[in-house]
Amino acid sequence: MEFTKWMLLGCTLLFALRVIGQVIVARRAPPWLPAMEHWYSGLMPYRYLLPAQLILLTLMILIAYDIHRLDGFFAASGWEVLSAPLKLVAVFYFASMIARYVLTMVFKPERRWFRRTIPIWFHMVLATALWSFGTYHSL
């Protein structure tokens, strides 16, 4: 249980850093951070992506907070019924991001190894958070 609690916290902190980094790049474009085109795939305009990320980050913070204090809505019993489906979705989500990365390396060699792949890595972080939440409730 301790491991999944720390995984949730770690994933939440990593995702927060990603969102903060992307905002900094969008506003200031400092030379020490990757350019904006590296931070998102462009499938969703940034004006919609940022609010979605902030909602997701807020949800992740609430989940991590409840789990760490072992109290609250997300730590309460009742989630056990969703434990297995959440873990299954997380595994498929993570595996699809591995496939996306491999396909990117094959068909877009100019992006090797970490160029414009930040979204892929952070989808893996989100999949890990989902798996951790499901695992917490299966213990």
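Helix α2 buries Y46, L49, L50, Q53, L57, M60, I63, A64, D66 and I67. These buried residues pack against two helices, α1 (2–27) and α4 (118–136). The model is a predicted one. Helix α2 itself covers residues 46–69 and holds 24 residues. At 1.5 Å a residue it should span 34 Å. Its end C-alpha atoms are 34 Å apart, which agrees with that expectation.

The protein chain has 4 helices and 0 strands. Along the sequence the order reads α-α-α-α. The C-alpha trace spans about 45 × 35 × 25 Å along its principal axes. The protein chain has 139 residues, and 39% of them count as buried. Contacts between residues at least 6 apart in sequence were also examined: 68% of them join residues at least 24 apart.

The packing of α2 on α4 can be described in detail. The two helices pack at an angle of about 30°. Their axes are 12 Å apart. The crossing of α2 past α4 is left-handed. On the α2 side, the contact is made by L56, M60, I63 and I67. On the α4 side, L126, A129, F133 and Y136 take part. By class, this contact has 8 nonpolar residues, with no polar and no charged residues. Of the α2 contributors, M60, I63 and I67 are also listed among the buried residues of that helix.

L8 is found in helix α1. It is buried, with a relative accessible area of 4%, against a cut-off of under 20% for burial. Leaving aside residues up to four places away in sequence, L8 touches I63, A64, I67, A129, S132 and F133. Among these partners, I63 and I67 belong to the α2 side of the α2–α4 contact, and A129 and F133 to the α4 side. L8 and M60 are 52 residues apart along the chain. Their C-alpha atoms are separated by 7.9 Å.

Helix α3 comes next. It has 28 residues. From its first C-alpha to its last it reaches 41 Å, close to the 40 Å expected at 1.5 Å a residue. Its buried residues are S83, L86, A90, M97, Y101, T104 and M105. The cover over these buried residues includes α4.

Aromatic contacts form a further theme. The structure holds 6 aromatic pairs. In one of them, the rings of F73 and W79 have their centres 5.5 Å apart. Their planes lie at 85°, so this pair is edge-to-face. The rings of F74 and F133 have their centres 6.3 Å apart. Their planes lie at 75°, so this pair is edge-to-face too, the cut-off being over 60 degrees. F74 lies in the loop between α2 and α3 (80–107), whereas F133 lies in helix α4. The pair therefore ties together parts that are 59 residues apart in sequence. Both F74 and F133 are buried. Ring pairs link F73, F74, W79 and F133 into a cluster.

Two loop residues have positive phi values. A29 has a phi of about 50° although it is not a glycine. Its place is in the loop between α1 and α2. A29 is exposed, with a relative accessible area of 51%. L70 also has a positive phi, about 55°, and it too is not a glycine. L70 follows α2. Its place is in the loop between α2 and α3. At 47% relative accessibility, L70 counts as partly exposed, because that class runs between the 20% and 50% limits.

Key
Residues numbered from 1 in each chain as written. Predicted model: local features only at pLDDT ≥ 70, side-chain atom pairs only at ≥ 80, totals over all residues. Heavy atoms only, no water. Expected span 1.5 Å × (residues − 1). Buried < 20%, exposed > 50% of the residue type's maximum accessible area, 1.4 Å probe, protein only. Contact = heavy atoms within 4.5 Å. Axes fitted to C-alpha atoms, helices over the stretch in contact; angles between N-to-C directions. Left-handed = near helix turned anticlockwise from the far one by under 90°. Nonpolar A, V, L, I, M, F, W, Y, C, P; charged D, E, K, R; others polar. Phe/Tyr/Trp six-rings, centres within 6.5 Å; stacked < 30°, edge-to-face > 60°.
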